2 protein chains.
Amino acid sequence: MDSPQLKLSNQICFPLYSVSRLITKAYKPYLDEMGLTYPQYLVLMVLWENDGLTVNQISEKLLLNTNTLSPLLKRMEKMEILKRNRSSEDERSVIVQITEKGKQLKTLAMPIPENLIKTLLTENISMENVIQLKDMLNEWIKILTDKDN
Amino acid sequence: MDSPQLKLSNQICFPLYSVSRLITKAYKPYLDEMGLTYPQYLVLMVLWENDGLTVNQISEKLLLNTNTLSPLLKRMEKMEILKRNRSSEDERSVIVQITEKGKQLKTLAMPIPENLIKTLLTENISMENVIQLKDMLNEWIKILTDKDN
DNA sequence: TGCAATTATATCGTGCACGATGCAAATGTA
DNA sequence: TACATTTGCATCGTGCACGATATAATTGCA
């Protein structure tokens with residue numbers, strides 16, 4: 001049985017999985033300076049944009065469940081990047097607030113996106129191509145998160 | 001400071017990271033039937049295509065280092081999906097060979113790719129679009145693996 | 001009101017990823 | 001031929017991901 005559909009080179013998920021890992025690795029030197037991991041950086045981007053969200057609201061934005069987020073936020077609290085407090089309105093909810101230290105990391109993060117995108121633009125790949133790719137990925141996110149529910 | 005470049009919606013890595021995870025999750029029902037994880041499935045795809053490779057050769061194909069692969073292969077050997085033996089030519093190398101059980105899993109895997117691609121094709125996303133996306137990802141893999149060395 | 005169902009978060013166990021380190025075999029070179 | 005260097009693999013520690021499960025607060029409804 002030849003089955004070309006099972007060849008690695010014909011897969012779509014494998015390049016997605018690899019590029020995701022490789023780009024995360026490309027972030028590493030910048031994130032190391034900030035003492036952050038990539039998922040921690042994602043949490044900070046959410047909080048920089050919108051502070052004081054609940055764990056659940058962060059979960060929805062990052063598409064990560066609380067079994068991933070809770071320990072992650074716990075570590076970040078220990079690092080004094082954010083604080084977690086029970087909501088007084090709904091004692092089940094935990095409100096996450098960024099600290100001064102967390103806010104200051106934003107300055108260090110400012111140049112990261114431009115540096116990263118420079119790496120990804122080539123003779124064959126324009127900014128337009130990247131936008132197009134992002135649109136496709138966002139449509140897939142819509143499809144694949146709908147399926148879950 | 002407004003810094004739109006730090007908004008989650010303007011990132012390219014975040015949708016890559018999310019889609020990679022979500023597609024892996026879409027594989028899960030199929031892989032569960034086979035008792036495999038996604039990385040284990042990747043190893044099998046390599047071996048189905050080319051049996052008897054060394055750990056290093058698998059490492060190059062999957063872009064995973066031995067610190068990830070060694071434990072993964074060890075688990076797969078325990079599951080009796082493959083065997084690991086020192087090469088007699090070069091005692092440093094370990095040659096990985098698929099077992100009968102591993103070969104038989106291929107039959108179960110055959111329909112997976114088509115089922116997966118059905119999920120990913122929509123009104124707005126054609127097979128052509130997917131191919132184009134894959135080409136972009138492969139170019140990025142080239143760039144980002146060159147950078148490493 | 002009473003109580004089952006739902007919701008929000010946390011914990012546990014397992015399996016990746018990956019940087020750092022170790023070790024033995026092979027290679028290169030003085 | 002000695003021996004430093006390189007190569008191939010493995011192990012360790014840490015931090016995700018994620019399914020399963022637990023717990024407490026809230027909600028819904030008979």
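Because the model is predicted, local features are given only at pLDDT of at least 70 and side-chain atom pairs only at pLDDT 80 or more, while totals for chains, interfaces and linings use all residues. Residues are numbered from 1 along each chain as its sequence is written, chains are lettered from A and ligands numbered from 1 in the order in which they are written, and side-chain values use heavy atoms, with hydrogens and water left out.

DNA strand C has 27 residues around it, of which A:Y17, A:N56, A:S70, B:N67 and B:R75 come nearest; a residue is near a strand if one of its heavy atoms lies within 4 Å of it. Of the atoms of DNA strand C that come within 4 Å of the protein, sugar and phosphate account for 71%. The surface near DNA strand C comprises 5 nonpolar, 10 polar and 12 charged residues. In this classification Ala, Val, Leu, Ile, Met, Phe, Trp, Tyr, Cys and Pro are nonpolar, Asp, Glu, Lys and Arg are charged, and the others, Gly among them, are polar. Elements that each supply at least two residues to this surface are α1 (13-34), α3 (55-62), α4 (66-78) and β2 (82-86) of chain A, together with α2 (38-49) and α4 (66-78) of chain B. Helices (H or I, at least four residues) and strands (E, at least two) are DSSP runs, numbered from the N terminus.

Polar contacts are pairs of N or O atoms within 3.5 Å; within protein, one atom must be able to donate a hydrogen and the other to accept it, and residues adjacent in sequence count only if both atoms are side-chain atoms. A phosphate oxygen of DNA strand C lies 3.0 Å from a polar side-chain atom of A:R21. The side chain of B:R75 places an N or O atom 2.6 Å from a sugar or linking oxygen of DNA strand C, and for the side chain of B:R92 the corresponding distance is 3.4 Å.

Around DNA strand D there are 26 residues, and A:N67, A:R75, B:Y17, B:N56 and B:S70 come nearest. Sugar or phosphate makes up 71% of the atoms of DNA strand D within 4 Å of the protein, and bases make up the rest. The surface near DNA strand D divides into 5 nonpolar, 10 polar and 11 charged residues. Phosphate oxygens of DNA strand D lie 2.5 Å from a polar backbone atom of B:N56, 3.4 Å from a backbone N or O atom of B:V55 and 3.0 Å from an N or O atom in the side chain of B:R84.

Between the protein chains, the contact (heavy atoms within 4.5 Å) takes 64 residues from chain B and 64 residues from chain A. The two chains bury about 6,300 Å² between them, 72% of it on carbon and sulfur atoms; buried area is the accessible area (1.4 Å probe) that two parts lose on being put together, summed over both. In chain B, the residues losing the most area to chain A are B:L6, B:W140 and B:L144, together 10% of what that side buries. The rule finds 18 residue pairs in polar contact across the interface, both at pLDDT 80 or more. On the side of chain B that touches chain A, α7(B) gives the most, with 16 residues.
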